[in-house]
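The following note is intended for a colleague who is meeting this structure for the first time.

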Amino acid sequence: MDKPPLLQPHALSRRLTADQRLEIAVAFSNGIPQKELAAAHGISIRSVKRLVKTARNAGVIGSQPQAT
């Protein structure tokens, strides 16, 4: 099954691959805090928020994070 592309601002797409962006969105959906994801990938919390919002809009992840 093909993954839908996660389109992002140009600067972010230079730092992260499509797979990494998807991994971040899924990890957040599974309950990993935004601060932890941002630190692990060297991006801002705002970038994590944009990735998650884009993934939600594309239907890649659900609308709320999973309870842990």
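**Note on the helix packing**

1. Helix α2 (residues 18-29) packs against helix α4 (residues 45-57) at an angle of about 85°, and their axes are 9 Å apart. Axes here are lines fitted to C-alpha atoms, for helices over the stretch in contact, with angles running from 0 to 180 degrees between N-to-C directions. The two helices, α2 and α4, are therefore roughly perpendicular to each other; angles of 65 to 115 degrees count as roughly perpendicular, under 35 as roughly parallel, over 145 as roughly antiparallel, and the rest as oblique. On the α2 side the contact is made by R21, I24, A25 and F28, and on the α4 side by V48, L51, V52, A55 and R56, where contact means heavy atoms within 4.5 Å. By class, the residues of this contact of α2 with α4 are seven nonpolar, no polar and two charged (Ala, Val, Leu, Ile, Met, Phe, Trp, Tyr, Cys and Pro count as nonpolar, Asp, Glu, Lys and Arg as charged, and the others, Gly among them, as polar).

2. The model is predicted: local features need pLDDT of at least 70 and side-chain atom pairs count only at pLDDT 80 or more, whereas totals for chains, interfaces and linings use all residues. Residues are numbered from 1 along each chain as its sequence is written, and side-chain values use heavy atoms, with hydrogens and water left out.

3. The protein chain has four helices and zero strands, in the order α-α-α-α from the N terminus on. Helices (H or I, at least four residues) and strands (E, at least two) are DSSP runs, numbered from the N terminus. Of the 68 residues in the protein chain, 29% are buried (buried means under 20% relative accessible area, exposed over 50%, partly exposed in between, with a 1.4 Å probe and protein chains only). Among contacts between residues at least 6 apart in sequence, 56% join residues at least 24 apart.

4. Helix α2 has 12 residues and reaches 17 Å from its first C-alpha to its last, close to the 16 Å expected at 1.5 Å a residue; the expected span is 1.5 Å times one less than the number of residues. The buried residues of α2 are R21, L22, I24, A25, A27, F28 and S29. After α2 comes G31, with a positive phi near 105°.

5. F28 lies in α2 and counts as buried at 12% relative accessibility. Its C-alpha atom is separated by 9.8 Å from that of L51, 23 residues apart along the chain.

6. Helix α2 also packs with helix α3 (residues 34-41), at an angle of about 155° and with axes 10 Å apart. That makes α2 roughly antiparallel to α3. The contact is made by E23, I24, A27 and F28 of α2 together with Q34, L37 and H41 of α3. The contact of α2 with α3 comprises four nonpolar, two polar and one charged residues.

7. Between α3 and α4 the packing angle is about 110°, with the axes 8 Å apart. This makes α3 roughly perpendicular to α4. Q34, K35, L37 and A38 of α3 meet I45, V48 and K49 of α4 in the contact. This contact of α3 with α4 has four nonpolar, one polar and two charged residues.

8. K35 is found in α3 and is exposed, with a relative accessible area of 65%. From C-alpha to C-alpha, K35 and V48 are 8.4 Å apart in space and 13 residues apart in sequence.
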